[in-house]
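Please look through the model below with these notes beside it. They are arranged as numbered points, each of which can be checked against the coordinates.

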Amino acid sequence: AVVSTQSTGALGEIGMDFHRNEGGRKKQREVFVEQLKMAVKAGKPVVIHGRGADKEVFEVLKEMLPAEHKIHYHSYSGTASLALELAENFTNLYFGISGLVTYTPSDLTSVVKEIPFDRILIETDSPYLRPSCNWNVDRKDPRTNSPGMGIVIADAIAKLREISLDDVLMQARENVTEIYGI
């Protein structure tokens, strides 16, 4: 299977999305469970999508994954208390922090302040979830998001944690290396 090849870095985005609820919750759970089985069998990290389904995703992860499995929780938007519970249950779970952290008020503010610093990843989710800023990277469409906006997200994390931007960038790089081996 493709999942088990050496060039496959991770399996994902996989998970559940209750925002649109396409396919129904039961079917989404069934498919998610099968995808997690493949990842465990292949020994590959997973990239989790849990839009509107964070608690349900957590329950499935607890049921299906060993505590040390490498997990990238893509564009995490759940509560700080759930994030801390996830971090406590999974020693190699990393939280993707997106441009949503730059909006106020944002639930991500408390998440970024409370989760372990060595579990943060910077994500743009380009072209979606553009940071709130005045940077116009695309002159044709100033609302465009791009991977280049990661620095804006890193800066927001630095300000929330009251540390230097360099510290955030170095830690994020270490975290990417830890989860993906690159």
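1. A charge sits over a ring if NZ of Lys or CZ of Arg is within 6 Å of the ring centre and within 35 degrees of the ring normal. By that rule Arg25 lies over the face of Phe18, at 3.9 Å from the ring centre, and the charged end of Lys62 sits over the ring of Phe58, 4.5 Å from its centre.

2. On the basis of the model: it is a predicted one, in which local features need pLDDT of at least 70 and side-chain atom pairs count only at pLDDT 80 or more, whereas totals for chains, interfaces and linings use all residues. Residues are numbered from 1 along each chain as its sequence is written, and side-chain values use heavy atoms, with hydrogens and water left out.

3. Helix α2 (residues 54-64) packs with helix α3 (residues 80-89) at an angle of about 10°, their axes being 11 Å apart, which makes α2 roughly parallel to α3 (angles under 35 degrees count as roughly parallel). Asp54, Lys55, Phe58, Leu61 and Lys62 of α2 make the contact with Leu82, Glu85, Leu86 and Asn89 of α3, where contact means heavy atoms within 4.5 Å. These residues divide into four nonpolar, one polar and four charged.

4. Rings of Phe, Tyr and Trp (its six-membered ring) pair if their centres lie within 6.5 Å, and planes over 60 degrees apart count as edge-to-face; the count comes to two aromatic pairs. The rings of Tyr73 and Tyr76 have centres 5.1 Å apart and planes at 80°, so this pair is edge-to-face. The rings of Tyr76 and Phe95 are also edge-to-face, because their centres are 5.2 Å apart and their planes at 80°. Tyr76 lies in the loop between β3 (71-73) and α3 and Phe95 in strand β4 (residues 93-97), so the pair ties together parts that are 19 residues apart in sequence. Tyr73, Tyr76 and Phe95 form one aromatic cluster; Tyr73 and Tyr76 are buried, as is Phe95 (buried means under 20% relative accessible area, exposed over 50%, with a 1.4 Å probe and protein chains only).

5. Some backbone geometry deserves a careful look. A cis peptide bond, with omega about 5°, joins Gly12 and Glu13, and Glu13 is found in strand β1 (residues 11-15). Ser75, in the loop between β3 and α3, has a positive phi near 45° and counts as buried at 13% relative accessibility. Glu162, in the loop between α5 (150-161) and α6 (165-180), has a positive phi of about 55° although it is not a glycine, and is exposed, with a relative accessible area of 72%.

Conventions. Axes fitted to C-alpha atoms, helices over the stretch in contact; angles between N-to-C directions. Helix = DSSP H or I, 4+ residues; strand = E, 2+ residues; numbered from the N terminus. Parallel < 35°, antiparallel > 145°, perpendicular 65-115°, else oblique. Nonpolar A, V, L, I, M, F, W, Y, C, P; charged D, E, K, R; others polar. Phe/Tyr/Trp six-rings, centres within 6.5 Å; stacked < 30°, edge-to-face > 60°.
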